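Take a look at the model below.

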Amino acid sequence: MMMRTFWIQGLDKAFYRDIELIAQLFFEEVSLVENEADAQMQLHFTVYESNPVHARALMRDVASGETWQAEHRRDVNGALEGKAYRKKVKQAVNYVLLQVLEEATGVRQPWGILTGVRPTKLLHSMLLDGLSVERAVNVLQTDYLIHQEKTDILTEIVARQLTVLPDLYELDKEVSLYIGIPFCPTKCAYCTFPAYAIQGRNGSVEGFLQGLHEEIAQIGAWLEKRGLPVTTIYFGGGTPTSITAKQMDELFMALKRSVPSFDQVRELTVEAGRPDTLNPEKLDLMKRWNVDRISINPQSFKEETLKLIGRHHTVKETLEKYQLAREMGLTNINMDLIIGLPNEGLDNFQETLDMMAELRPESLTVHTLSFKRGSVMTQNKEKYRVADRDETGEMVRMARDWAAGMGYVPYYLYRQKNILGNQENVGYAFPGLESLYNIIIMEERQTIIGLGCGAVSKLVSPGDGKIKRLPNPKEPKAYIDTYQRHIEEKLKLLDETYGFALNKG
């Protein structure tokens with residue numbers, strides 16, 4: 001992996017972002033330059049915009065003079081025009097670009113030309129358009145160049161989601177709530193979530209909670225007025241269990257007061273991801289409030305790794321808090337693992353899977369490490385030796401085989417930019433214990449109203465599925481100073497999204 005500069009001929013700049021994303025699958029850093037003399041690689045494209053679209057690519061390495069070529073014809077079904085037609089043209093260009101880059105580097109991309117976060121959403125849309133599963137898989141493999149191992153897991157996940165949520169395609173008549181608590185004991189090296197060390201921030205915590213209570217009250221009143229049920233409530237962050245048991249109890253009481261039919265919400269989840277934030281009082285509180293699902297996240301069972309990535313808890317503490325949660329009657333526990341953490345290879349990952357086999361949590365999410373812009377790890381890459389592409393791919397396969405052997409089923413999947421080996425994150429669960437919220441947020445079939453610091457509201461318009469985003473401030477002080485204005489903006493956007501549709505229905 002290294003820096004590569006590309007000079008492009010034959011395309012307007014509307015194509016450049018897609019070209020950059022495809023090239024970044026192969027090279028750590030990519031720069032598109034305007035002057036041919038500054039380029040290490042020259043890319044010449046020829047595109048005939050007809051039906052079918054016909055695209056050709058020729059790539060030349062300036063230093064060696066070596067060249068690679070590819071061409072592709074893509075049917076546009078005649079009637080397509082405007083944005084839909086341009087999308088087909090871009091897909092044809094991405095197709096030939098991927099082919100020349102694979103030939104030049106010898107690297108095969110398991111997800112083909114897909115660079116987005118939600119490949120399962122693409123498969124859902126094909127099924128909604130009337131394609132059979134077999135036809136949709138053929139399109140994914142031939143038009144998008146996705147490898148069979150990936151289409152296999154996509155079809156398994158989509159089938160599982162429709163079993164778990166048979167009304168998935170009709171959920172736009174309800175909403176879910178995300179509660180963002182922006183505090184953690186410490187900040188992990190790989191993290192870019194809104195997470196602030198809670199020590200010494202008592203004033204910020206109280207001011208933040210005051211704003212959050214106001215958001216809950218006003219959004220609850222809007223939901224009551226509109227008659228919209230709540231499907232799921234999810235506490236995330238940060239680490240929600242960083243606040244005190246008393247503060248958590250007050251939030252649960254606020255939700256019960258404000259959320260219509262609170263007792264009929266299908267799922268209530270609290271991320272208790274950091275074992276060092278848990279104690280008997282908080283676990284007892286979550287049991288009394290009938291929290292359906294919690295997370296206790298080891299990430300790794302290697303002490304050296306935990307110290308290196310800034311997780312200030314021990315393996316022993318993870319195991320003790322997990323056992324304590326079991327003893328206190330919490331029966332749906334998720335655990336997160338990360339593939340490719342610094343200095344961890346195949347042997348270490350096998351040891352982690354062996355430990356998970358003993359614990360048998362109801363679900364686990366297997367993340368592949370992503371170098372997120374702004375994280376400590378990304379800014380200090382030389383300090384962190386991580387797994388290479390082949391090793392990462394093998395660990396992903398190990399996790400899938402292990403999960404199947406243990407009786408877990410995959411039920412949601414998403415991808416991230418700069419993810420190791422161009423792989424994915426997969427949630428596995430014992431059948432019947434899947435997280436409804438995780439499915440809902442990935443497939444974007446329902447509005448999720450974000451409350452609290454760093455929470456993003458995604459409003460899905462009933463009927464047409466158009467999505468509007470509205471983020472809350474990430475930093476606690478900014479949230480405290482502006483939450484009243486953000487509540488007003490949120491209520492206005494909710495009225496715009498739902499008012500017409502509800503009046504008609």
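The largest nonpolar core has 125 residues, and the ones that touch the most other members are Phe-45, Leu-212, Ile-233 and Phe-235. Helix H2, residues 82-105, supplies the largest share of this core, with 10 residues. Keep in mind that this is a predicted model.

Nonpolar side chains tend to be buried together in soluble globular proteins.

Now zoom in on one member. Which residues does Ile-233 contact, leaving aside its neighbours within four places in sequence? The partners are Leu-177, Ile-179, Leu-255, Phe-262, Val-265, Glu-267, Leu-268 and Thr-269. Another core lies apart from the largest one. This other core has 16 residues, including Tyr-234, Ala-429, Ile-440 and Ile-448.

The table sets out two packed pairs.

| Pair | Residues | Axis distance | Angle |
|---|---|---|---|
| H7 and H8 | 245-258 and 280-288 | within 9 Å | roughly 15° |
| H3 and H4 | 119-128 and 133-142 | 10 Å | about 135° |

Start with H7 and H8. Their axes cross at roughly 15°. Angles under 35 degrees count as roughly parallel, so H7 and H8 are roughly parallel to each other. H7 passes H8 in a right-handed crossing. On the H7 side, the contact is made by Ala-245, Met-248, Asp-249 and Phe-252. On the H8 side, Glu-281, Lys-282, Leu-285 and Met-286 take part. Sorted by type, the residues of this contact are five nonpolar, three charged and no polar.

Turn to H3 and H4. They pack at an angle of about 135°. That angle makes H3 oblique to H4. The crossing of H3 and H4 is right-handed. H3 brings Leu-122, Leu-123, Met-126 and Leu-127 to the meeting, and H4 brings Val-133, Ala-136, Val-139 and Leu-140.

**A covered helix**

Is helix H14, residues 436-443, mostly covered or mostly uncovered? H14 is mostly covered, with seven of its eight residues buried. The buried ones are Leu-436, Tyr-437, Asn-438, Ile-439, Ile-440, Met-442 and Glu-443. Glu-444 follows H14, and its phi is positive, near 50°.

Key
Residues numbered from 1 in each chain as written. Predicted model: local features only at pLDDT ≥ 70, side-chain atom pairs only at ≥ 80, totals over all residues. Heavy atoms only, no water. Core = buried A, V, L, I, M, F, W, Y, C linked by side-chain atoms within 4.5 Å. Buried < 20%, exposed > 50% of the residue type's maximum accessible area, 1.4 Å probe, protein only. Helix = DSSP H or I, 4+ residues; strand = E, 2+ residues; numbered from the N terminus. Contact = heavy atoms within 4.5 Å. Axes fitted to C-alpha atoms, helices over the stretch in contact; angles between N-to-C directions. Parallel < 35°, antiparallel > 145°, perpendicular 65-115°, else oblique. Left-handed = near helix turned anticlockwise from the far one by under 90°. Nonpolar A, V, L, I, M, F, W, Y, C, P; charged D, E, K, R; others polar.
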